Amino acid sequence: MEQNQLIKDLTGGNVTKELLKYAAPFVAASLLQVLYNMVDLIVVGQFVGSVGLSAVGIGGHLLILITTFVIGFSSGGQIYIAQIVGSGQIDRLNRTIGTLFTLLFASGALISVIGVIFSPSLIGVLNTPSEAVAQTRDYMVVCCSGVIFIAGYNVVSAILRGMGESRLPLWFALIATIVNIILDLVFVGALGMKSGGAALATIIGQGVSFIISIIYLYRHKDAFGFDFKLKSYKPVKEPLVVIVKLGLPMGIQQILIQTSMMYVNACINACGITASAVDAVGSKINGLMGVVSSSMHSASAAMIGQNIAAGKTDRVSKVFWTNEIVNTIFLAGIAVVFLLFPAQVFGIFNNEPEVLGMAPLYLKITLVMFATFAWMSAPLGLINGVGNARLNMILALFDGFVVRIGLTVLLGDIVGLGLTGYWLGNASAGFTTVIVGGVYYFSGLWKKRKLLVDS
């Protein structure tokens, strides 16, 4: 079958050049997402203050928690599609894409209902400062109501990236960012809608982006590999089983990680509104390192998926080491900026003296987390690219749950470092993935994995 025009072959050419060329739109799209999340905080911080920062920060943690399976299933679909492309079985695309669309939309609708019902209880569990409870609730209700758009954006991006096409998701992300920034200024700045306005701006931005992406792909359906016929949305057992088998552990992994981070967040929130506001700003700043790490991780997973399915294990190793080097260089550069200009970095979001006074301590500790972000990207790209869901679960249990909570309790409560210990314990947990993932790479066991397309 003739290859679809949107499919990009990642199994040939110079590995470094191809990975960077493929990953660059990933990074740019993710930076745009971080940008509009930062704009939420900047606008809320300037017009609402610490209470608004705390509400958006806590609400952001909860939103990530409840959308974990959307992210997990879309990531599983991306890897499966990458292996379909790498193995040359293009005839599987239509039924796989239709199955993935239906699975993600159904999951998004269910998550919306669950989120609206249970988010008030989760707000209480997180020790949300009393001043921020009402705004956090408003933020969550609006965001949960629009999860279907978040699911739509993720499924379109996952399918295209699995095919090797990373530029279109960048344009769709740019649309969401522009709409979000404009509406932030209108809803929060001009209309005084506080954190609920920031949430509404984000959801509308995602919705507009998703609708435009669907219109574009429908007009180019032959190149996309999906006919958009009603019957094609009927789930097919073969791709459904593989996607769920791969995506479910990824979703559980994220739930474990986010649950442990929520525990840490609850400890931090108990330290007062200033600590909560600093942590809210810090979580967005962490996104700067996280965006490069996660983008390189996702890009390398797709590239590894294609190459492992094509039997080119030597290229898989080159992808792994290119990923490590790029992340380390970025880590070094951003560390210099954060160490030299901590007050200026935090001042972008909030100028309250208490927040700025705590900024240097936070940024020094967060560089530890940046190191884990940088060095876990390549192992995770390998583990996900070859489809090793079981190892992902093991890492989630230890990195995302046992080690993070254990270090937080040890350093914060038992050793008595308090807030510093909570931040340090959270930042150090990722070294578990770095170590275990490194051992997995050097063992060579990934070369013997059964392909998802052979399942």
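## Helix packing, cysteines and selected residues

Ile365 is placed in helix α14 (residues 353–385); helices (H or I, at least four residues) are DSSP runs numbered from the N terminus. The model is a predicted one, in which local features need pLDDT of at least 70 and side-chain atom pairs count only at pLDDT 80 or more, while totals for chains, interfaces and linings use all residues. Residues are numbered from 1 along each chain as its sequence is written, and side-chain values use heavy atoms, with hydrogens and water left out.

Ile365 has a relative accessibility of 9% and counts as buried. Here buried means under 20% relative accessible area, exposed over 50%, and partly exposed in between, with a 1.4 Å probe and protein chains only. When neighbours within four places in sequence are left aside, Ile365 is in contact with Thr420, Trp423, Leu424 and Ala427, contact being heavy atoms within 4.5 Å. The C-alpha atoms of Ile365 and Ala427 are 7.1 Å apart, and the two residues are 62 residues apart in sequence.

Asn388 belongs to the loop between α14 and α15 (389–414). With 8% relative accessibility, Asn388 is also counted as buried. Apart from neighbours within four places in sequence, the contacts of Asn388 are Ile383, Tyr440 and Arg449.

Two helix pairs follow. The axes of helix α1 (residues 15–47) and α2 come within 7 Å and cross at roughly 155 degrees. This makes α1 roughly antiparallel to α2. On the α1 side the contact is made by Leu41, Val44 and Gly45, and on the α2 side by Gly52, Leu53 and Val56. Four of the residues in this contact of α1 with α2 are nonpolar, two are polar and none is charged. In this classification Ala, Val, Leu, Ile, Met, Phe, Trp, Tyr, Cys and Pro are nonpolar, Asp, Glu, Lys and Arg are charged, and the others, Gly among them, are polar.

Helix α2 (residues 50–66) also packs with helix α10 (residues 237–269), at an angle of about 160 degrees and with the axes 9 Å apart. In the contact, α2 supplies Ile58, His61, Leu62, Ile64 and Leu65, and α10 supplies Ile255, Gln258, Thr259, Met262, Asn265 and Asn269. By class, the contact of α2 with α10 has six nonpolar, five polar and no charged residues.

The structure holds zero disulfides, a disulfide being a pair of cysteine sulfur atoms within 2.5 Å. For Cys144 the closest cysteine sulfur is in Cys143, at 7.0 Å, too far for a bond. Cys267 is in no disulfide either, and the nearest cysteine sulfur, that of Cys271, is 7.8 Å away. Cys144 is buried, with a relative accessible area of 0%, and Cys267 is buried at 14%.

Most residues other than glycine have a negative phi.

| Residue | Phi | Relative accessibility |
|---|---|---|
| Lys194 | near 55 degrees | 43%, partly exposed |
| Phe228 | near 60 degrees | 14%, buried |

Lys194 is found in helix α8 (residues 194–219), whereas Phe228 lies in the loop between α9 (221–224) and α10.

Notes. Axes are lines fitted to C-alpha atoms, for helices over the stretch in contact, and angles run from 0 to 180 degrees between N-to-C directions. Angles under 35 degrees count as roughly parallel, over 145 as roughly antiparallel, 65 to 115 as roughly perpendicular and the rest as oblique.
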